[in-house]
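Open the model in your viewer and keep the selection tool at hand. The stops below say what to select and what is there.

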Amino acid sequence: MTKILMVCLGNICRSPLAEGILKSKLPKQNYFIDSAGTSNYHIGSSPDSRSVNIARHNNIDICLQQARQFTAQDFKDFDVIYAMDNSNLKNILALAQTETEKSKVKIILNESYPNSNKDVPDPYHDTDKGFENVFNMLDKACSIIANRYLNN
Ligand code: 4NP
């Protein structure tokens, strides 16, 4: 089983989308995909309705997800940890205890824009258009991730 974790700040906008999109592209018998937030702001909450809507529009159901906070145990439980932006990358790395743990953490948009360290913009204060933009960015990155696993 390959275990992949998607991480943003609140775990209600970006990482629930990343989780749902990657799950839609990989077989669930072989891939465990989850998401978490670096903050405790929305623990237990459902995804933001704007994320639920743009996912549903693309035939992906994320409405049963519940926000949780990233913990140091996640370094042990997951093989790869994707940060949605540089701020979350920093917060995740601050909890790592070994170089092996640090090496599991990647910036998700480096999949589509190698070595560019681009952020998935925080859409929380944005319009529906912002969520559509986030969906498209994550869909592209997740296609690259999924194709790499499926071709190996
Ligand atoms: P997310 O978006 O990190 O993509 O889930 C946010 C959600 C909530 C907040 C910030 C970003 N907040 O400040 O409450």
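Which helices do the buried residues of α2 pack against? They pack against α1 (14-25) and α6 (128-150), where contact means heavy atoms within 4.5 Å.

Before going on, note that this is a predicted model, in which local features need pLDDT of at least 70 and side-chain atom pairs count only at pLDDT 80 or more, while totals for chains, interfaces and linings use all residues. Residues are numbered from 1 along each chain as its sequence is written, and side-chain values use heavy atoms, with hydrogens and water left out.

**Stop 1: helix α2**

Select residues 49-57, which form helix α2. Helices (H or I, at least four residues) and strands (E, at least two) are DSSP runs, numbered from the N terminus. Within α2, color Arg50, Ser51, Val52, Ile54 and Ala55, which are buried. Buried means under 20% relative accessible area, exposed over 50%, and partly exposed in between, with a 1.4 Å probe and protein chains only. Then move to Asn59, which follows α2 and has a positive phi, near 60 degrees.

**Stop 2: the loop between β4 and α6**

Most residues other than glycine have a negative phi. Select Asn115, in the loop between β4 (105-107) and α6. Its phi is positive, near 60 degrees. Is Asn115 buried or exposed? Asn115 is exposed, with a relative accessible area of 74%.

Next select Asn117, also placed in the loop between β4 and α6. The phi of Asn117 is positive too, near 50 degrees. This residue is partly exposed, at a relative accessible area of 42%.

**Stop 3: the cysteines**

How many disulfides does the structure hold? The number is zero, counting a disulfide as a pair of cysteine sulfur atoms within 2.5 Å. Select Cys8: the nearest cysteine sulfur belongs to Cys13 and is 6.9 Å away. Cys8 counts as buried, at 2% relative accessibility. Now select Cys142, which is in no disulfide either; for this residue the nearest cysteine sulfur is that of Cys8, 13 Å away. Cys142 is buried, with a relative accessible area of 0%.

**Stop 4: salt bridges**

The structure holds 10 salt bridges. A salt bridge is a side-chain nitrogen of Lys or Arg within 4 Å of a carboxyl oxygen of Asp or Glu. Three of them can be visited in turn.

Start in helix α1 with Glu19 and Lys23, which lie four residues apart, about one turn of the helix. Their closest N and O atoms are 2.5 Å apart. Glu19 is buried, with a relative accessible area of 5%, whereas Lys23 is partly exposed at 42%.

Go on to Asp34 and Arg68, whose closest N and O atoms are 3.1 Å apart. Asp34 lies in strand β2 (residues 31-37) and Arg68 in the loop between α2 and α3 (73-77), so the pair ties together parts that are 34 residues apart in sequence. Asp34 is buried, with a relative accessible area of 18%, and Arg68 counts as partly exposed at 25%.

Finish in helix α5 (residues 99-103), where Lys102 and Glu99 lie three residues apart, about one turn of the helix. Their salt bridge has its closest N and O atoms 3.8 Å apart. Lys102 is partly exposed, with a relative accessible area of 36%, while Glu99 counts as exposed at 61%.
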